Amino acid sequence: MIHVDVAMRRGDFSLDARFETPEAGVVALFGRSGCGKTTLVNLISGLLRPERGRIDIGGETLLDTASGRSLAPERRRVGYVFQDARLFPHLTVAENLAFGLRRVRGRPHIIEYDDVVALLALAPLVDRRPHSLSGGERQRVGLGRALLAQPRLLLLDEPLASLDVARREEVLPYLEALRLRLALPMIYVSHAFDEVLRLATHLVVLEAGRVVAQGSLTDVSLDPALTAIVGPAAAGAVLDAQVLEGDAATGLTRVRVGRSGELRLRAPNLPSGSQVRVQVLARDVILSDRAPVGLSVRNALRGHIVSIDPHGDEACRTLIDLDGARIVAHVTRDAVSALQLRPGGEVWTLMKAVSLRSHAFPHA
Amino acid sequence: MAFTAAEIDALRLSFGVAARSVLFSLPFATWIAWLLVRGRFRGRFALDAFVHLPLVLPPVVIGYLLLVLFGRRGPIGSWLYGSFGIQLAFTTAGAALATAVVSFPLMVRAIRLSLEAVDRGLEDAARTLGAGPMDRFLSITLPLMLPGILAGAVTAFAASLGEFGAVITFVSNIPGETRTLPLALYTAIQSPGGDAAAARIAALSLALGFTGLAVSEWLARRMRRALGQA
């Protein structure tokens, strides 16, 4: 387990954050700019010291203010990929990569130099100096350098934030590959939810220095605290699904959600049996009190209403259980009363295939 | 234009004095610059002022103070002579000490500026990669300071070549021992019929100055290019 419980105050800003996640997987630390994400990873790395707190990783205590224990950052074995890469300008790419590796001394390696160069496609860059690299290349070198220090935990502080959209694609696929290839716990800081969707298995939501939601991405995606940050337009359930069968003729792929539900997606070329992650935006879900007929909607699943909460002035958050898979629908109060929706009641949920977003998300 | 043996001697002596002065003060100046930039202690401002004192004091005063402290009967001079047999007053080593003291603030200022320009974020990155304090200083901070250290060394070297007041006061004007180029020039001007010699020495000093500037500029450019700053 990774256990973090820290508090510190700096001027007007106060951080008091506590979260716990399993070591396996990618934890996204998500929140608006200025909510304390970077402060939190600096505390975990040891570059900052909290006034009070305790940090344990895999049974070892890195920090415990109660007993006065605080491991220096250089002895924590916590890798750090900085937003601005922070490559050493006087060293070549190869020397940058080897910097941490040369200081490992005796500890077992999780990855070797040649593997990192191959995994991150760094071979053409090794003789160059950092200033001649593009932003995306810099981040890849920074990532490789951190990995080669053989860390037990990798912190990534918005590694894509300083890159434009095209350059992000120079880095994101490598991060996805890394998640699958290495059993290395990662804490990924981001304020962009689409990055979270592509990488994270767990989510910790930070708001004004406090953790307001934490858990698996699937669970937290239903949490109103997340909606408050991403906004109603981007709120929606994230489901882990398994591909049943693709149909080249229609371009639709059938996937299994929950125990028995089936969804059709516009996602060609997904092999049967592979894992896929589906996002169902709350405002795209239509509810019906009877089985639909004569509609263009490709997906109609019967479920049970778990709860109905007022949300904003007119809309209601309706949480629906589709035999093990939960989704959220934003519907008007007017619709709630017209359809006589109530917790425990049965309802049909309609989801257009074209409005479902999905991407392959293999499990490590 | 042919130089006399005495002039060649003065040139060689000047180089020797300036080189010793720079070599001995470099580590010390780097340490002081570190204290002034990174140190968090009471008296930092007093240290800052003390280091800059030679910049505002007349060099003759410095030479006099050195004579008082390091003369054979001075508190430090008598101890050095009694314990190690080292004499500074009226020797070449003393000339190096005098020029080192005068040029010290120039060196500290240049090194300090370069240290202030070092991105602390890079040192933090080195920390997360397992580098301890000394390791970080040697592998990150010092290489990034090199352009400033070089600039400081060149400036101090030039100032040492040209120092007159402190040298003549502390170690006098002894041919082959303490008569550096400016002292030789002064001696030539004072001697009847020394105009030609004075002109030669002045021209030599000018040439040295230009060469020094050109070399330091070239080195600085190379370093900036290596750091990707150009």
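**Two chains of a predicted model**

Mentor: In this predicted model, chain B has 10 helices and 0 strands.

Trainee: How many helices and strands does chain A have?

Mentor: Chain A has 10 helices and 21 strands.

Trainee: Why is chain A called as compact as a globular protein of its length?

Mentor: The globule rule gives 21 Å for 364 residues, and the radius of gyration of chain A is 23 Å; the two values are close, so the chain is called as compact as a globular protein of that length. Along the principal axes, the C-alpha atoms of chain A fill a box of roughly 70 × 50 × 35 Å.

Trainee: What are the spans of chain B along its principal axes?

Mentor: The C-alpha trace of chain B spans about 70 × 45 × 30 Å.

Trainee: What makes a residue count as buried, and what percentage of chain A is buried?

Mentor: The cut-off is 20 or more other C-beta atoms within 10 Å of the residue's own. Of the 364 residues in chain A, 45% are buried. In chain B, buried residues are 39% of 230.

Trainee: How do you know what share of the contacts in chain B joins residues 24 or more positions apart?

Mentor: A contact requires C-beta atoms within 7 Å. Among contacts in chain B with a separation of 6 or more, 72% are between residues 24 or more positions apart. For chain A, the corresponding share is 66%.

How values were computed:
Residues numbered from 1 in each chain as written. Chains lettered and ligands numbered in written order. Predicted model: local features only at pLDDT ≥ 70, side-chain atom pairs only at ≥ 80, totals over all residues. Helix = DSSP H or I, 4+ residues; strand = E, 2+ residues; numbered from the N terminus. Rg over C-alpha atoms; globule rule 2.2 N^0.38 Å. Buried ≥ 20, exposed ≤ 12 C-beta atoms within 10 Å, placed from the backbone. Contact = placed C-beta atoms within 7 Å.
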